[in-house]
Amino acid sequence: QQAYTAMVLANPAGALGVAVDEIVLTRGATEALQVLIAGYNRLRPGDTVLYADIDYDNMITVTRWLEQRRGAQVVSIAMPEPFTHDNVIDAYAQAMARHPQLKLMLLTHVNHRNGMVLPVAEISRLARARGIDVIVDTAHGFGQLDMTIPDLQADFVGINLHKWIGAPVGVGAAYIRRGRVADIDPYMGEQRGEKAGDDIRT
């Protein structure tokens with residue numbers, strides 16, 4: 001079973017620049033991001049989660065769900081208009097400084113509303129320096145931009161494979177960097193095997 005799964009994942013993993021044990025196929029980027037956001041288990045009551053006002057509506061909904069599920073304080077950032085590289089970076093830097101309990105941020109790589117390409121890697125590095133995790137929505141990034149997942153400098157990424165890559169409709173992927181699998185709960189009550197380790201597929 002694992003050998004077959006590895007064979008199926010070899011091409012997408014290679015294109016994404018990751019190992020086969022770091023991605024799992026999903027029914028689109030929406031499911032991938034729902035798994036990552038809802039399953040993120042490092043939040044404690046009182047921790048803060050941040051999203052942007054122009055993020056994808058379904059992702060905003062599941063992010064706000066963390067208030068009920070994890071007891072987190074969920075806040076939003078208003079993206080500057082007109083946006084520039086520097087004022088976007090500054091907006092996120094100010095948000096990080098303003099919310100000392102910030103633990104998780106949702107970042108949309110290529111925005112579906114206005115086409116803005118977010119400087120995800122730079123924001124991710126700022127977040128990492130403060131101990132903040134990011135979950136990246138690259139549903140419209142991979143396939144439109146010359147990129148691989150490591151370029152994003154993020155440990156958790158939701159990907160679309162059917163919009164720009166040519167996979168059958170309803171195919172996406174979730175990426176979890178090796179060593180971080182335990183920080184995402186198993187999906188919909190599935191149990192991890194005793195020897196699951198860092199393999200996202202188990």
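Modeller: In helix 2, the buried residues are Ala 29, Glu 31, Ala 32, Leu 33, Val 35, Leu 36, Ile 37, Ala 38 and Gly 39, where buried means under 20% relative accessible area, exposed over 50% and partly exposed in between, with a 1.4 Å probe and protein chains only. Please bear in mind that this is a predicted model, in which local features need pLDDT of at least 70 and side-chain atom pairs count only at pLDDT 80 or more, while totals for chains, interfaces and linings use all residues. Residues are numbered from 1 along each chain as its sequence is written, and side-chain values use heavy atoms, with hydrogens and water left out.

Helix 2 spans residues 29-39 and is mostly covered, since nine of its eleven residues are buried; helices (H or I, at least four residues) and strands (E, at least two) are DSSP runs, numbered from the N terminus. The cover over its buried residues includes strand 1 (23-26), helix 3 (57-70), strand 4 (102-108), strand 5 (133-137), strand 6 (156-160) and strand 7 (172-176).

Strand 2 (residues 48-52) and strand 3 (residues 73-77) run parallel and are joined by five bridges, strands being paired if DSSP finds at least two bridges between them. From strand 2 the chain passes through helix 3 to strand 3, a right-handed β-α-β crossover, which means that, with the strands pointing away from the viewer, the path from the first strand over the helix to the second runs clockwise.

The nonpolar cores come next, a core being a set of buried Ala, Val, Leu, Ile, Met, Phe, Trp, Tyr and Cys residues joined through side-chain atoms within 4.5 Å. The largest has 39 residues, and those touching the most other members are Tyr 92, Met 105, Leu 107, Leu 118, Ile 123, Ile 149 and Ile 159. Helix 4 (residues 85-98) supplies the largest share of this core, six residues. A second, separate core of 24 residues includes Val 35 and Ile 37, together with Ala 72 and Phe 156.

Leu 16, in helix 1 (residues 2-16), is buried, with a relative accessible area of 0%. Beyond its neighbours within four places in sequence, Leu 16 is in contact (heavy atoms within 4.5 Å) with Ile 23, Phe 142, Thr 148, Ile 149, Pro 150 and Ile 159. Although Leu 16 and Ile 159 are 143 residues apart in sequence, their C-alpha atoms are 9.5 Å apart.
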